[in-house]
Each structure stands twice: as structure tokens, then as C-alpha cells.
Amino acid sequence: MSVEPRLLANAIRALAMDAVQAANSGHPGMPMGMADVATILFTEYLKHDPQDPEWHDRDRFVLSAGHGSMLVYALLHLTGYEKPTMDDIRNFRQLNSPCAGHPENFMLAGIEATTGPLGQGFAMAVGMAIAERHLNATFGDDLVDHRTWAIAGDGCLMEGINHEAVGLAGHLKLGRLNVLWDNNKITIDGATDLSTSEDIPARYRASGWHVVSCDGHDFTDIRRALDEAIADPRPSLVDCRTIIGWGAPNKQGTAATHGAALGPDEVAAARVQLVWDSEPFDLPGEILDAWREAGRRNAGAHEQWRERLASHSEREEFVRRMEGRLPEGFSLDAWLADLAANPQKVATRKASELALGAINDALPETIGGSADLTGSNNTKTKAQKPLTADDYSGRYIYYGIREFGMSAAMNGMALHGGVIPYGGTFLVFSDYCRPAIRLSALQGVRVVYVMTHDSIGLGEDGPTHQPVEHVMSLRMIPNLAVYRPADAVETAECWALSLQRQDGPSLLALTRQNLPQLRTERTDNRSAKGAYRLRAAGAARKVVLLATGSEVETAIATADALESQGIGADVVSMPCWSLFDAQDAAYRADILGGDALRVSIEAGTTLGWQRYTGFDGLNIGLDRFGASAPAEDLFKRFGFTAEAIVPQILEALQNSRSG
């Protein structure tokens, strides 16, 4: 390129300050401070092709410091991606513009991950690097040979998840991962020394990382540091010492550039400082041409890769996995038939393990794991070997006590493509995972969360470990399919639904205690409706019992007691609310039965069940913390028995007649 890198970088600065100023909202300082580093990365190092953003062997770039979103929007536009257009950038942070306040993977090709919650982008980059190494071990250098790059700010490195992600990446020796630290020593509150004094490079070195520093405004020094990072076999932290808001003469280096528009006077002064004469959103032709030329520099490498793919013996399998398609004819029908013939009285966590035996044999793309609870979550099957720094072909990850890091890494793996990650912990520890679960749902990725010990049924560990509010709170997350299966059959059905779902995550809430198998007939996947009539009333229907998980067994016992008194009771198993809500009105009305008393039974908070029972219904649940005792004693103590429930139903029926 004949254009000086500083002029190329100034195009980023101009777009960033102009877009934020037009919106009167945003973060100009980070894009202006990291413009020089990003220019060298995108014009000389990053392997990508703007003409094909889905190139399977492209480098992945994650802007973990997502508040600086105008940096990546500018880079995508300048290098020649179809979007964002200049009009999109002009409408930064406005309704219907793909240039949202923080990068969103579903809005723009070239945005690899939705970022903004600090630290999660970094951790997702770790997951992408894991997926790359695993697929490389599976398909070889000809098809998979790329790097993962991330830009992270001071806030990303302060967040607790950073410690989890750094430890995991160092342990797995993910040498294809390079994180560029925007070390500008500024946060919203002011200088970083207001809140931190840790030796960050020392922490990374202690975790098995390679650390190199550079002047983030010296192009030669930036190149040196990136070359060193690429050459080292360890994951690398590139400490880029930068000045936030570089080019804004009166505000650079201060928190004033972090989260607000510079203001008209400072934008004008910055134009003088940068020797940038163009009007807002107008790029000099020579500079734009140079950027577009840089965007085309990998076209030859991409074509060579296409040729290798076309002649590769595993082309179809590789493409299938990368496109997220399940193998032709995949189903769990054979396993379900076996269950029908040989009923299993097991905990649903064990039922999950049994189903995974069939799943992992049929789907080579699954990668399981657990946050140090493998034996409790039952997430590892006999055929799986560990994924380690010495053998990336393994399909099971020991994440250690890193629930949040595990969940975010699984997001990154799913975003990378080619693998289907699932991971386990106790349901009560979904609180540690929740921010990543939310991003799974927002990004629409296929991640399966295996959450065991789902109620007071876990017993003696007591209220610190007994979920009460968790299932209901997780149901509130949009686009998250929450399953609470009642037996081995429903568990297998819910696994099948989770794997078939390509546009969002799933969570299985599973028991510690054994449950009887309630269905022995072979049918279609009844859980696919979200709720179904497990058993119809024998006598004239007066009651509809709605239950999930372990309480479906209790509902059947309750129905038996009512029927013995001539009171007809339907039993409805309701493993997934969101799927039931998606059914047509006629089906929902038929299942809920408008002419009967509706009673919900679930060993958790009753809040929310009123949407199905109505305020005239009856809600049997637990609106307090549990206790430490054997499971059977706890269910009796808190009223989850037919003996405790039937009198309440009889009283409600009597009140409805007298009313």
C-alpha cells in the first residue's frame, strides 16, 4: 500500500468520532486509541475475506471491548464488507441500523460475537480457539489452520470471568489465540489506579501465557509485537500501551473520551490535529482505495483453500459440521425404542448420560464437559476422551471450577462452528453461568446446558445447593428453551429437541434422585409440544394437574387419589413452557381444560404458574428456601405428596362450588 498507516488509522478515528457525535451517544475514545493497532492487524495480519465473511478457515476477530463498537464497524466498512454501508454508520445507534450500540453477531456479517458485557468476548475467543484446535486435529491443516484475535480493554481484564478464561486458555496451551490489550489505563470512573494495582502481565505469565508489550501508536513496534505473538506456542497477551481518544487534543488520555461524544468543538479540533479535512462520513478516495486493497489481500489464499476443500476426502463431513447440519437420518428413535422395551428407573441426570451414549456415538461434533462435577452431572460417556493440550482431538473438557468461563467458552465454540458444545454444573450454580446463558440466547447459538440437582430432591446438601427460584428465572430469558423432563423417555426427547435446535440454547434441569419411567409406549416426541396429556381423567374431569420433572410422579399419585373419590383428573406433563406457548390456541386450550380446576405442582417458586392456572387455580410449590435432610423427608416436609395435595384440591373444589 502506498498510503501511510497513520492516514488509514485516521479514517477509523474520523468515522468513530463523527458517528458518535451524530448519535450523541457512544464511546469514541477506544476506537481512536486502538485505531493504529487495528489498522496493522486488519491490513497486514488478519486472514479474512470481506467477499465471503463465512469462509470457514478465516481468522476469528472478537471485539471484547464491545463498547468501542465503532472500531469494528469502521474496519468492516473500510475493508469492503457489504455492510455496514456509510448510511448504516451515519445512523449509528439508531433504530434499524445494523450498527448497534454494541456489536451483535446477528446484525452484521463479520461480527463474530455479540459483545459489550465486559470479559465475555475474551472468554468466547477462548472457546473459538478451542474449536479451531479441535477441528484442526480432526481435519488437518489443509482445512483448518487459522487464529483467533481479540481486542480487550482494561475492564475485560478486571472482570472475574477473565481469570477463568485466562486459566483455561493457558492450561490448554491455545497458541493460536492472541489478545490485544488496549492498555490505556482509563475506565469510566477515571484512571485505573483508582481501582486496581495488580501486575496484569505477571498474572498472565503465571497462567501459562506469553506476554509482549508495544507502543500502540508505533507501527513498527506493533508489527514486532504481533510477530512475536504469532511465533510463540503459548496464548499471547499483547500489551498495547495506548492513549484513549488519541487525536482529540484537549480530551485524549482522559475519561472524558470514554463514554460520550467529544462535542462539536473537540471534533473540530481533532480534525485539525489529525490533518483530516474531509467532511463527516466522507472518506478520501486514495485512503478508501488503500483499505479496499488491503481487504482483498487474502483472496488468493481463500481460493487455494477452496481448491483444497474441493479435493479433500472429508469435504462433505467438514462442510456438514461447519454448517451445523445434523447427519442425515439422525434420531434417538432406537434408544427410545430400547427404553420402551426396557424401562429405566433412574435419575434424569443418569437418563441424560444414557442418552448421551447414543448421541455421542452418532454425532462426532459434540464436545462435552463439566465445571468439576463430571461424576455428578453425568456428562461424560465411555467413548469420550479428554480434550487436552497434548490431544485436541478429545471430546470432553475438564473445565475446572469455572462455571462462567465454561459457559462463555461454549458460546465461542458454537459461534466458531463445527462443534456442538454441552456442559454441566449444578442448577443452583446457573447463577454463575447466567450472563453467558443470556448471551447464548441473544446470539442464537446451539449450546446445551446440563444442570443437575434441580430441586430440594438433591437432599442433604441443603438450601445453599437446592434451587428454588432458578428454573422459573431461567424461563424468563427469551430464546432459551428450558426443559425439566419427568423420566428417562422425556430426557431423551428433550436431548433430541436440544440438538435439533440451531437458533438458540437449551437447558436441561435434571434430578439427582431416581424417578420411575412413566411412559413405555413408543410414540412421536411428545415433549416437542412443550406440554401434553400424560394421562386423561377416568371419571368426569374436574381437575387438571400440571407438573414438571420429579413432580409428575407426584401428580399421578394425586390423580389416583382423586379418581378413587370419583373426581376425574388429567395429568399434564409440561417439560418446556416455551414450546407449549408456541403451540396454537386450540391445542393449548385442550391441554389446559377451561372447565376444570387447574393445579400446578413444581418443587420451586410458584411465581409464574398463574399464567396457566389462572388466579382461581391452585399452585403447589416452594416459596421459601429448603433444608438439609434426605430427599424423601423434604418432599413430605414441604407438601409434595398426594396426601398433602389432595385436601387442598378438595377444598378448592368445594370453594368453587359454594362460590
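In the predicted model, the side chains of lysine 83 and aspartate 88 form a salt bridge, with N and O 3.3 Å apart. Lysine 83 is partly exposed, at a relative accessible area of 40%. Aspartate 88 is buried, because its relative accessibility is 10% and the buried class covers values under 20%.

A second pair joins arginine 176 to aspartate 145. Their closest N and O atoms lie 2.8 Å apart. Arginine 176 sits in the loop between α7 (160-172) and β3 (177-183). Aspartate 145 sits in the loop between α5 (120-139) and β2 (148-153). Aspartate 145 is partly exposed, with a relative accessibility of 29%.

Arginine 315 pairs with glutamate 316 in a further salt bridge. Here the closest N and O atoms are 3.9 Å apart, and the pair counts because the cut-off is 4 Å. Arginine 315 is partly exposed, at 35% relative accessible area. Glutamate 316 is exposed, at 60%. Elsewhere, salt bridges with shared partners link Arg533, Arg541, Asp570, Asp590 and Asp595 into one network. In total, the model holds 38 salt bridges. Side chains of opposite charge can pair when their charged atoms come close.

Pockets were examined next. Rolling a probe the size of a water molecule over the atoms shows where empty space is left. The largest pocket has a volume of about 530 Å³. Its lining comprises 26 residues. Met322, Ala414, Leu415, His416 and Gly417 lie nearest the centre of this pocket. Two helices, α13 (315-322) and α17 (403-416), each supply at least two lining residues. The largest share, 3 residues, comes from α17. By class, the lining of the largest pocket has 10 nonpolar, 9 polar and 7 charged residues.

The second largest pocket holds about 390 Å³ of space. Its lining is made of 17 residues. Nearest its centre are Glu553, Thr554, Glu632, Phe635 and Phe640. Two or more lining residues come from each of β15 (514-515), α21 (551-563), α25 (631-637) and α26 (642-658). Of these elements, α25 gives the largest share, 4 residues. The lining of the second largest pocket divides into 7 nonpolar, 5 polar and 5 charged residues.

Note on methods. Residues are numbered from 1 along each chain as its sequence is written. This is a predicted model: local features need pLDDT of at least 70, side-chain atom pairs count only at pLDDT 80 or more; totals for chains, interfaces and linings use all residues. Side-chain values use heavy atoms; hydrogens and water are left out. On a 1 Å grid over the protein atoms alone, a cavity is a set of points where a 1.4 Å probe fits but cannot get out, and a pocket is an open set with protein on both sides within 12 Å along at least five of seven lines; lining residues have an atom within 4 Å of a point. Grid points are joined across faces, edges and corners, and a volume is the space filled by probe spheres set on the points. Ala, Val, Leu, Ile, Met, Phe, Trp, Tyr, Cys and Pro count as nonpolar, Asp, Glu, Lys and Arg as charged, and the others, Gly among them, as polar. Buried means under 20% relative accessible area, exposed over 50%, partly exposed in between (1.4 Å probe, protein chains only).
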